[in-house]
Amino acid sequence: QDRMIIGYDRFVFEVLFFGELILGGLFILAVVLGIGRVLIVLLLALLALIRDLRHPSPIMTAATGPTVTVLVAAYNEGKVIARTMESIMKSRYAIKELIVIDDGSTDDTLSVARQALARIEGPKSKKRRIRILHQENAGKSAALNHGIEYATGDVLVCLDADTIAAPDAIGRLVAHFADERVGGVAGNIKVGNRSNLLTKWQAIEYITSQNLDRRAGDLVNAVTVIPGALGAWRASAVSEDGDFVTDTLAEDMDLTWRLRRAGYRMVNEGDAIGYTEVPDTYRSFIKQRMRWSFGSLQCLYKHRSALFRYGWFGRFALTSLWIFQFLFQVIAPLVDIQILFLAALFLNAYTASGLH
């Protein structure tokens with residue numbers, strides 16, 4: 001019986017010891033890899049900034065550039081859809097057409113969009129540039145694909161229904177398509193509703209995280225997402241690759257990866273500014289981030305064969321996503337439990353010592 005107790009104690013203590021050793025090692029590894037990744041991204045972003053300052057991209061005009069179709073998928077965006085439509089039609093780059101797709105909204109989105117159409121173009125307009133489509137609710141990907149069926153432009157510019165595009169944004173995006181290798185161009189998304197602490201923190205995040213990563217990825221053709229809030233696509237490339245698909249929650253990320261794997265270059269245009277509405281309540285914020293995280297995991301699994309391939313895209317960008325958005329997210333709760341356990345041991349020892 002004593003031998004069994006000794007054996008049991010030894011087993012328990014060794015499991016705890018090696019468990020803490022492994023978790024501690026993974027924690028240190030996460031810190032080291034995180035710092036290393038930040039340094040690499042900062043270096044690449046700095047080099048990309050120097051390149052852009054030396055060779056700024058031109059702003060193309062419709063007289064010399066490709067034709068543009070702007071697609072806006074809207075679901076319950078009655079409060080903002082008119083404002084978005086107006087900002088698009090004020091673009092300095094003359095677009096060929098604006099297609100707004102109402103995805104079965106339950107509010108007044110459709111009627112507001114139609115009113116905005118009549119107000120913007122007027123009753124005597126001979127050439128309509130705005131088309132309003134309606135469909136039963138089927139999701140953003142299906143709505144965009146519905147719009148693509150009617151699109152005739154060489155370039156597709158996609159905006160969220162709550163995004164306000166700067167007047168020169170479309171011209172700056174389109175300029176990159178002079179290079180036939182370019183399949184997609186990411187705009188620079190900024191937070192337009194900095195109304196409380198949550199939205200102000202997201203404004204900092206958009207600048208320091210998302211846009212910084214895209215600027216770094218642009219230098220080595222490893223941009224991981226052309227954002228749905230403001231992004232441009234070569235229409236022929238999108239058509240060849242099957243348009244947007246509905247098997248992930250991150251349709252913009254999935255299309256970015258598909259075109260990158262097809263050999264196209266995905267670039268970033270930091271001067272193409274779009275102001276978007278971000279969640280201003282913690283409930284909507286968590287819902288959005290859950291959707292983003294799950295969509296990213298779906299894309300990682302779907303494109304798992306691209307890992308360590310396609311240059312920096314597969315060797316650095318996808319590897320980073322696998323490590324930081326999957327591996328360390330899985331072990332993070334274990335590290336949290338370890339910290340709580342150690343805190344409890346410390347409190348117990350402190351209380352038992354009588355030093356307090």
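**View 1. Asp-243 sits in the loop between helix 7 and helix 8 of this predicted model.** Helix 7 covers residues 235-240 and helix 8 covers 251-261, with Asp-243 in the loop that joins them. Take a look at the backbone here: Asp-243 is not a glycine, yet its phi is positive, at about 60 degrees.

**View 2. Tyr-310 also has a positive phi without being a glycine.** The angle is about 60 degrees. You will find Tyr-310 in the loop between helix 9 (282-302) and helix 10 (312-353). With 23% relative accessibility, Tyr-310 counts as partly exposed.

**View 3. Trp-257 and Phe-313 form an aromatic pair that links distant parts of the chain.** The model has seven aromatic pairs in total. In this one, the ring centres of Trp-257 and Phe-313 are 6.0 Å apart and the planes meet at 75 degrees, so the pair is edge-to-face. Trp-257 belongs to helix 8 and Phe-313 to helix 10, 56 residues apart. Trp-257 is buried, because its relative accessibility is 1%. Phe-313 is buried as well, at 0% relative accessibility.

**View 4. Arg-304 lies over the face of Tyr-301.** Zoom in on the ring of Tyr-301, and you will see Arg-304 at 4.0 Å from the ring centre.

**View 5. A nonpolar patch on the surface includes Phe-27.** Its members are Phe-27, Ile-28, Val-31, Val-32, Ile-35, Val-38, Leu-39 and Leu-42. Together they have about 740 Å² of accessible area. Phe-27 is part of helix 1, which spans residues 2-54. Phe-27 counts as partly exposed, because its relative accessibility is 45%.

Key. Residues are numbered from 1 along each chain as its sequence is written. This is a predicted model: local features need pLDDT of at least 70, side-chain atom pairs count only at pLDDT 80 or more; totals for chains, interfaces and linings use all residues. Side-chain values use heavy atoms; hydrogens and water are left out. Patches are made of residues with over 30% relative accessible area and no salt bridge: like charges are joined within 9 Å, nonpolar side chains (Val, Leu, Ile, Met, Phe, Trp, Tyr) within 5 Å. Accessible areas come from the Shrake-Rupley method with a 1.4 Å probe; for residues, only the protein chains shown count as cover. A salt bridge is a side-chain nitrogen of Lys or Arg within 4 Å of a carboxyl oxygen of Asp or Glu. Helices (H or I, at least four residues) and strands (E, at least two) are DSSP runs, numbered from the N terminus. Buried means under 20% relative accessible area, exposed over 50%, partly exposed in between (1.4 Å probe, protein chains only). Rings of Phe, Tyr and Trp (its six-membered ring) pair if their centres lie within 6.5 Å; planes under 30 degrees apart count as stacked, over 60 as edge-to-face and the rest as tilted. A charge sits over a ring if NZ of Lys or CZ of Arg is within 6 Å of the ring centre and within 35 degrees of the ring normal.
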